[in-house]
Amino acid sequence: MKIVLASSEAVPWSKTGGLADVSAALPKALAALGHDVTLILPHYSAVSAARGATPPADCAGPEIDVQVGDTRLTARLLILPAESPAHPTVILVDQPELFDRQGMYVDPETGKDYPDNCRRFVFFSRAVMETCLKLQLDPDVLHVNDWQTGLIPALLQAEYRWKPGFSNTASVITLHNLAFHGSFWHFDMPLTGLDWHYFNYRQMEAWGNLNLLKTGIVFSDHITTVSPTYAAEIQTAEFGCGLHPVLVEHSSRLTGILNGIDPEVWNPETDPALAQNYSVETVHQGKPACRRQLQQKLGLNQTAEVPLFSMISRLTDQKGVDLLCECLDEALKLDMQLAVLGTGDRELEAALVAATRQYSGRVAVVIGYDEELAHQIEAGADIFLMPSRFEPCGLNQMYSQRYGTVPIVRSVGGLADSVVDASPNALEDGTATGLVFSDYSSEALLSQIRRAVRLYHDRERWHQLMDAGMRKDFSWTRSAREYQTVYEKAIAAR
Ligand code: ADP
């Protein structure tokens, strides 16, 4: 199958969240299954350079012309050929005026979205179509992700269907987070180049605005989201962020596929960031070494016996950080340590930083984005906290299990699909891998923290939880096969 994936971010080039991990790992897993895969991304040159990912000088390909509203823009395609047939080709669309900025979606100076985000991602969506034409990619499937590429299925249906190479192309959109709609005032509609008649409540309009996520949902041949539970949740008012009626209407084309994790990046046996690598057989030697490294790096007391709790997250309302802040004083009456890495909401940052002053040596908080430290926390901690309000898939609970770090999660979205609670039955049959709770309340989280401390000191049970988590199959191969089935359905639906 010829598959073109379009995404607004992918590691190593750019990343604000889980989308970047998925956009890098899924194309690799699909290529490894024998498909011909091309990944198309915007080239955020400053962001990529800051991440140490600069494309080689000899990768400049042809130019494309892209019409956005009444302006014609030129972009250069930077083509990174597949390293082997089992790898994707990566194309970076280089348009410095729109993408060579300090931030990806948000201006770091103002903390606000770039005012021309609609123009930027309409450009990128059209650039993906023009790239397919220019390079004669003739895709069987165009797989788009989130609002930034949500216009593509509409462009395919309304404008490109009759152009060379698109007559049989099917489109699939993956929804990574319903909270981000790509909603812009109605006067941005002419930027899309599509006729005003598409601006109606059944297609591109929502609440009087242009809505690019809804556009993608409505025009795609198939819709996926990143876990089976989230696929059901987003059809309800509680989780659907206002788009639930649209998702209910299109539910026969909606499938939940749990993300996998990239074993080349998240593997304690080979992870270069760790003081000592370990496997499920050697975790009880490796983890203590990683824990000492982490405690030393973060200025935590070098005690071996206390459970070390951790969190790596965008510090936002979504992630349940408010629950942690609310119960922190009570929790710290227990003999435990806490390491937090994250950035986001200034108030949540300040509340966490205040705790480091009060509980010096027991609580460490790093405000910032630090991938090496994220790996070291996953390896060095004993317990990982994810009390999310909602969580489409979540990756850290899977990384945690892979690293023998027992997750405490709220039973929502992908967390519910990837962690098995340590109930008496699940402990008995060996399937338990973490602690799962339902109520979105600090009392419920606190009671799980207490439960984790009790279980932690039952060494046999604890080792059983670590062991079961480390042995779980979170491979992308499993997810990629499910995507392959969805692609086949989308092609058949055409
Ligand atoms: P989301 O996409 O909602 O932010 P996910 O759990 O799906 O949440 O993915 C988050 C990804 O971003 C994980 O790979 C996580 O390790 C990483 N991450 C989040 N915050 C930080 C941070 N401050 N430093 C390093 N990595 C981070």
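Predicted model: local features only at pLDDT ≥ 70, side-chain atom pairs only at ≥ 80, totals over all residues.
Residues are numbered from 1 along each chain as its sequence is written. Local features need pLDDT of at least 70 and side-chain atom pairs count only at pLDDT 80 or more, while totals for chains, interfaces and linings use all residues, and side-chain values use heavy atoms, with hydrogens and water left out.

**Exercise 1. Describe the shell around the ligand.**

Step 1. The ligand has 18 residues around it, and Gly 18, Arg 314, Lys 319, Gly 368 and Leu 395 come nearest. A residue counts as near if one of its heavy atoms lies within 4 Å.

Step 2. By class, the shell holds six nonpolar, seven polar and five charged residues. Here Ala, Val, Leu, Ile, Met, Phe, Trp, Tyr, Cys and Pro count as nonpolar, Asp, Glu, Lys and Arg as charged, and the others, Gly among them, as polar.

Step 3. The ligand lies between domain 1 (2-260 + 477-493) and domain 2 (283-473), because both give residues to its shell. The domain bounds come from an automatic or database assignment.

**Exercise 2. List polar atom pairs between protein and ligand.**

Step 1. The criterion is a pair of N or O atoms within 3.5 Å.

Step 2. A polar side-chain atom of Arg 314 is 2.8 Å from a ligand oxygen atom. From the backbone, an N or O atom of Leu 395 lies 3.0 Å from an oxygen atom of the ligand, and a polar atom of Asp 370 is 3.1 Å from a ligand nitrogen atom.

Step 3. Of the 560 Å² of accessible area that the ligand has on its own, the protein covers 93% (Shrake-Rupley method, 1.4 Å probe).

Step 4. Strand 15 gives the most to the shell, with three residues. Helices (H or I, at least four residues) and strands (E, at least two) are DSSP runs, numbered from the N terminus.

**Exercise 3. Which helix gives the most to the lining of the second largest pocket?**

Step 1. Helix 10 (283-298) and helix 18 (459-470) each supply at least two lining residues.

Step 2. Helix 10 gives the most, with six residues.

Step 3. The lining divides into five nonpolar, six polar and six charged residues.

**Exercise 4. Locate two backbone features.**

Step 1. Most residues other than glycine have a negative phi, and most peptide bonds are trans.

Step 2. The bond from Val 11 to Pro 12 is cis, with omega near 5°. Pro 12 is in the loop between strand 1 (2-6) and helix 1.

Step 3. Gln 136 has a positive phi, near 50°, and lies in the loop between helix 4 (117-134) and strand 8 (141-145).

Key. Polar contact = N/O pair within 3.5 Å; in protein donor to acceptor, adjacent residues only side chain to side chain.
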